[in-house]
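Subject: Structure for you to look at

Hello,

Here is the structure I promised to pass on. Please open it and keep it in view while you read.

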Amino acid sequence: MQLILNGRMVGYDENGDGAPLVLIHGYPLNRMIWEAQWEGLNQSARVLALDLRGFGESEMVAGATAIETYADDVHELIRALAIEQPAIIAGLSMGGYVALAYARKYGAHVAGLILANTKATPDSAQAKMARDQSAALAQEKGAAAIAETMLPKLLAPKTLQTNGELAEQVKRIMASATVPGIVGALGAMRDRPDSLDVLQTVNVPTLILAGADDALMPLAEQEKMKQAAANSTLVVIPDAGHLTPMEQPDAFNRAAAEFLKTFARA
Ligand code: MLT
């Protein structure tokens with residue numbers, strides 16, 4: 001589905017009934033990464049998956065993008081859909097950075113957090129330099145070049161060996177991103193603040209999901225989030241790299257459905 005918000009096209013899907021669950025994709029992906037959750041969690045929640053600006057069916061906006069900009073976009077969509085009840089905000093990787101930015105700014109609207117394959121700490125100086133190099137690559141060679149470099153980092157070696165169809169699908173999703181969307185996301189990630197304090201202060205039920213073979217997010221980072229969030233659970237999903245919702249959708253959905261029971265209406 002699409003709607004126009006502030007003169008800009010926004011792509012999203014909505015399915016199911018119950019407490020609102022907002023799914024925010026990672027970089028350089030789009031809402032298609034949540035297909036199995038959209039199908040599998042609609043008995044547990046009202047599932048809303050959106051495309052961030054410059055990805056999927058959401059139009060880019062000229063000017064700099066900050067992590068907080070995406071959080072504002074999420075809030076605008078929630079309001080446009082007349083969702084008044086606090087939502088469970090779920091994000092994968094960059095989507096997790098956005099979820100934490102959302103919790104920082106719109107904490108009263110957050111019932112719970114699902115933080116998948118993500119971390120709360122900011123970029124190191126080296127990581128910031130790598131963001132600028134990736135932006136130059138995107139500008140010079142386009143989204144397909146970014147897709148080529150990202151793919152081996154996103155999927156577990158086992159997934160790459162055994163699930164060629166998924167690898168192709170992920171590559172297609174990445175190659176469909178717009179260059180301004182990619183460059184905007186890289187700048188937003190590079191400049192994002194440390195958000196461990198958000199986990200300490202927002203204090204909502206939090207599910208932290210890790211892929212046992214995630215090459216991008218060391219388990220130590222997810223353990224840091226667990227320590228910061230008093231009311232949190234950490235689940236490590238075997239045979240999954242960075243894209244747990246796609247690589248192990250059943251295990252992901254089982255953990256999420258169990259967590260979502262916390263928010264079921266009495
Ligand atoms: C993502 O998957 O969203 C990104 O790889 C996260 C990052 O680069 O920090």
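Below is what turned up in the pockets and around the ligand.

Keep in mind that this is a predicted model.

Start with the largest pocket. Its volume is about 540 Å³. It has 25 lining residues, and A127, R131, M150, K153 and L216 are the closest to its centre. By class, the lining holds 15 nonpolar, six polar and four charged residues.

Where does the ligand sit? It sits in the largest pocket. Around the ligand you will find G26, Y27, S93, M94, Y97, R131, M150, M189, L216 and H242. Six of this shell are nonpolar, three are polar and one is charged.

Now look at the oxygen atoms of the ligand.

- S93 has a side-chain N or O atom 2.8 Å from a ligand oxygen.
- Y97 places a polar side-chain atom 2.5 Å from a ligand oxygen.
- R131 has a side-chain N or O atom 2.7 Å from a ligand oxygen.

On its own, the ligand has 270 Å² of accessible area, and the protein covers 91% of that.

Next, the second largest pocket. It contains about 200 Å³ of space. Its lining has 15 residues, with I67, E68, A101, R192 and P193 nearest the centre. Both α2 (67-80) and α3 give two or more residues to this lining. The largest share, four residues, is from α3. The lining counts eight nonpolar, two polar and five charged residues.

Best wishes

Terms used: Residues numbered from 1 in each chain as written. Predicted model: local features only at pLDDT ≥ 70, side-chain atom pairs only at ≥ 80, totals over all residues. Heavy atoms only, no water. 1 Å grid on protein atoms, 1.4 Å probe; cavity = no way out; pocket = protein on both sides within 12 Å on 5 of 7 lines; lining within 4 Å. Points joined across faces, edges and corners; volume = space filled by probe spheres on them. Nonpolar A, V, L, I, M, F, W, Y, C, P; charged D, E, K, R; others polar. Near = heavy atom within 4 Å. Polar contact = N/O pair within 3.5 Å; in protein donor to acceptor, adjacent residues only side chain to side chain. Areas by Shrake-Rupley, 256 points an atom, 1.4 Å probe, with all protein chains shown as cover. Sits in = over half its atoms within 2 Å of the grid points.
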